[in-house]
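Here is a walk through one protein model, from a single side chain out to the whole sheet. Keep the structure open as you read.

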Amino acid sequence: MDRRIKASRDQEKRLAQILGGTTTAGSGNGWAVKNDVRNKAWSVECKTTGSSRFTLTHRDLINAEKNAILDLRDMAFAIEMCGRRWVVVSEESFLRLIENEEDA
């Protein structure tokens, strides 16, 4: 198996396990559920690269958000780059997370 495909699948499996969710089979080519990982609250689009740069476009974020909304979930965009892991969320989602943390 191509190492890039393996790295991508490993990222999705690891994140699904952490979130207590599942990976989405055929997420890139299916018509129903599009983002790569989901649990009860989140729909996550995953990208991985060995490069030191990754281009994240407005269109990428809007597509991931649209897919999450259609799935009745919040959107997150997970990027694994050069061994580090990053998660991008909307400001609205971030503020809700902060509020929940303060209420705890």
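Leaving aside its neighbours within four places in sequence, which residues is Val37 in contact with? Contact here means heavy atoms within 4.5 Å. By that rule, Val37 meets Glu12, Leu15, Ala16, Leu19, Thr22, Thr23, Thr24, Trp42, Ser43, Val44 and Cys46.

Some ground rules come before the rest. This is a predicted model, in which local features need pLDDT of at least 70 and side-chain atom pairs count only at pLDDT 80 or more, while totals for chains, interfaces and linings use all residues. Residues are numbered from 1 along each chain as its sequence is written, and side-chain values use heavy atoms, with hydrogens and water left out.

Start with the core. Val37 belongs to the largest nonpolar core, together with Leu15, Ala16, Trp42, Val44, Cys46, Ala76 and Ala78, eight residues in total. Such a core is a set of buried Ala, Val, Leu, Ile, Met, Phe, Trp, Tyr and Cys residues joined through side-chain atoms within 4.5 Å. Buried means under 20% relative accessible area, exposed means over 50%, and partly exposed lies in between (1.4 Å probe, protein chains only). Two or more residues of this core come from each of α1 (3-19), β3 and β4. The biggest share, three residues, comes from β3. Apart from this core lies another, of six residues, including Ala64, Ala68, Ile79 and Met81. In soluble globular proteins, nonpolar side chains tend to be buried together.

Now the elements themselves. Helices (H or I, at least four residues) and strands (E, at least two) are DSSP runs, numbered from the N terminus. Five strands make an open sheet in the order β1-β2-β3-β4-β5, with mixed pairing. Two strands pair if DSSP finds at least two bridges between them. β1 (22-23) and β5 are the edge strands, each pairing on one side only.

Look next at β3, residues 42-49. Ser43 lies in this strand. Is Ser43 buried or exposed? Ser43 counts as buried because its relative accessibility is 2%. Beyond residues up to four places away in sequence, Ser43 touches Asn35, Val37, Arg38, Ala68, Asp71, Arg73, Asp74, Met75 and Ala76.

Move on to β4, residues 74-81. Seven of the eight residues in β4 are buried. β3 and β4 run parallel and are joined by eight bridges. Lys47 has Ile79 of β4 as its bridge partner. How does the chain get from one strand to the other? β3, helix α2 (residues 58-70) and β4 make a right-handed β-α-β unit. Right-handed means that, with the strands pointing away from the viewer, the path from the first strand over the helix to the second runs clockwise.

On to β5, residues 84-89. β4 and β5 are antiparallel, paired over six bridges. Ala78 has Val87 of β5 as its bridge partner. The two strands form a hairpin with two residues between them. In the turn, Cys82 has a positive phi of about 55°.

α2 lies across β3, β4 and β5, at about 135° to β4. Helix α3 (residues 91-103) also lies across β3, β4 and β5, at about 100° to β5. Axes are lines fitted to C-alpha atoms, for helices over the stretch in contact, and angles run from 0 to 180 degrees between N-to-C directions.

Finish with the charges. A salt bridge is a side-chain nitrogen of Lys or Arg within 4 Å of a carboxyl oxygen of Asp or Glu. The count by this rule is eight. One of them joins Lys6 to Asp10, at 2.9 Å from N to O. Both residues sit in α1, four residues apart, about one turn of the helix. Lys6 is partly exposed, at 44%, and Asp10 is partly exposed, at 35%. Another joins Arg73 to Asp71, with the closest N and O atoms 3.3 Å apart. Asp71 counts as buried, at 14%. A further salt bridge joins Arg85 to Glu80, at 3.5 Å between the closest N and O atoms. Here Arg85 is partly exposed, at 48%, whereas Glu80 is buried, at 17%. Arg14, Glu80 and Arg85 are linked in a network of salt bridges.
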